[in-house]
Amino acid sequence: MHISITSPLPPVPRHWRRAALAAALVLSGCGLSSAEEIGAVDTVFKFIGPDHKIVVDAYDDPKVSGVTCYVSRAKTGGIKGAFGLAEDKSDASIACRQTGVISFADGKPLDKKEEMFSERISLVFKRLRVVRMVDAKRNTLVYLTYSDRLIEGSPQNSVTAVPVPAATPIPVK
């Protein structure tokens with residue numbers, strides 16, 4: 001018995017390609033930030049799944065030794081939160097401090113504005129970001145945290161500044 005196939009396989013529908021791309025973006029975004037959880041407090045009891053909470057994470061600036069940023073943010077619990085399907089609120093606060101002798105990695109100049117960290121706070125479309133800006137006139141590092149979405153971001157933000165000692169000029173591109 002001979003079976004012949006006369007037509008090729010049907011093309012993959014566009015919505016399947018988009019779903020595959022979204023899945024790839026989610027997987028590629030996992031583990032990009034190097035936050036260290038300092039602690040958390042519960043804000044709402046959830047009978048099923050973890051409670052809603054406020055989490056405090058520490059981020060060491062990868063290009064500036066001696067500076068650590070502490071970011072507090074809401075983390076959604078419940079069943080959706082347990083499976084990573086919940087969208088966390090856009091509220092976040094940041095405080096960066098000198099935690100050691102300030103020096104610049106490899107002596108390379110810093111960009112005037114650079115994203116230091118980015119962390120997924122919803123399944124696909126929302127990210128929490130920490131951006132470092134250089135105020136060369138005042139020899140100060142300014143850190144901003146905010147969240148954005150693929151379509152529409154949030155104007156909610158928080159800013160902090162770390163003055164660098166005058167004896168240590170900030171190398172800027």
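Predicted model: local features only at pLDDT ≥ 70, side-chain atom pairs only at ≥ 80, totals over all residues.

The sections below cover confidence, the disulfide, the nonpolar core and the salt bridges.

Residues are numbered from 1 along each chain as its sequence is written, and side-chain values use heavy atoms, with hydrogens and water left out.

The predictor's confidence in each residue is given as pLDDT, on a scale from 0 to 100. For this protein the mean pLDDT is 77, with 67% of the residues reaching 70 or more. Helices (DSSP runs of H or I, at least four residues) and strands (runs of E, at least two) are numbered from the N terminus. Among these elements, strand β8 (residues 157–163) has the highest mean pLDDT, 95, while helix α1 (residues 14–29) has the lowest, 41. Over residues 15–33, pLDDT stays under 50. For that stretch the model has 11 contacts beyond four places in sequence, a contact being heavy atoms within 4.5 Å.

## One disulfide

Let us turn to the cysteines. A disulfide is a covalent bond between the sulfur atoms of two cysteines; here a pair is counted when the sulfur atoms are within 2.5 Å. The structure holds 1 disulfide, and it joins Cys69 to Cys96 with an S to S distance of 2.0 Å. The link of Cys69 and Cys96 is right-handed, with 110° about the S-S bond.

Cys69 lies in strand β3 (residues 64–75) and Cys96 in strand β4 (residues 92–104), so the bond ties together parts that are 27 residues apart in sequence. Is this pair buried or exposed? Buried means under 20% relative accessible area, exposed over 50%, and partly exposed in between (1.4 Å probe, protein chains only). Cys69 is buried, with a relative accessible area of 1%, and Cys96 is buried with a value of 1% as well.

## The nonpolar core

In soluble globular proteins, nonpolar side chains tend to be buried together. A nonpolar core is a set of buried Ala, Val, Leu, Ile, Met, Phe, Trp, Tyr and Cys residues joined through side-chain atoms within 4.5 Å. The largest one here has 21 residues, of which Leu141 and Tyr143 touch the most other members. Strands β3, β4, β5 (113–120), β6 (126–135) and β7 (140–149) each give two or more residues to this core, and β4 provides the largest share, 5 residues.

Leaving out residues up to four places away in sequence, its contacts include Cys69, Cys96, Val131 and Arg132.

## Salt bridges

A salt bridge is a side-chain nitrogen of Lys or Arg within 4 Å of a carboxyl oxygen of Asp or Glu. How many does a search of the whole structure find? There are 7 salt bridges. One of them joins the side chains of Asp57 and Arg73 (3.8 Å, N to O). Asp57 lies in strand β2 (residues 52–60) and Arg73 in strand β3, so this pair ties together parts that are 16 residues apart in sequence. Asp57 and Arg73 are both buried.

Arg132 forms a salt bridge with Glu114, their closest N and O atoms being 3.0 Å apart. Both Arg132 and Glu114 are buried. These two residues also belong to a network of salt bridges that links Asp61, Lys63, Glu114 and Arg132. Finally, Arg138 and Asp135 meet through their side chains at 3.1 Å, N to O. Arg138 is exposed, with a relative accessible area of 54%, whereas Asp135 counts as buried at 19%.
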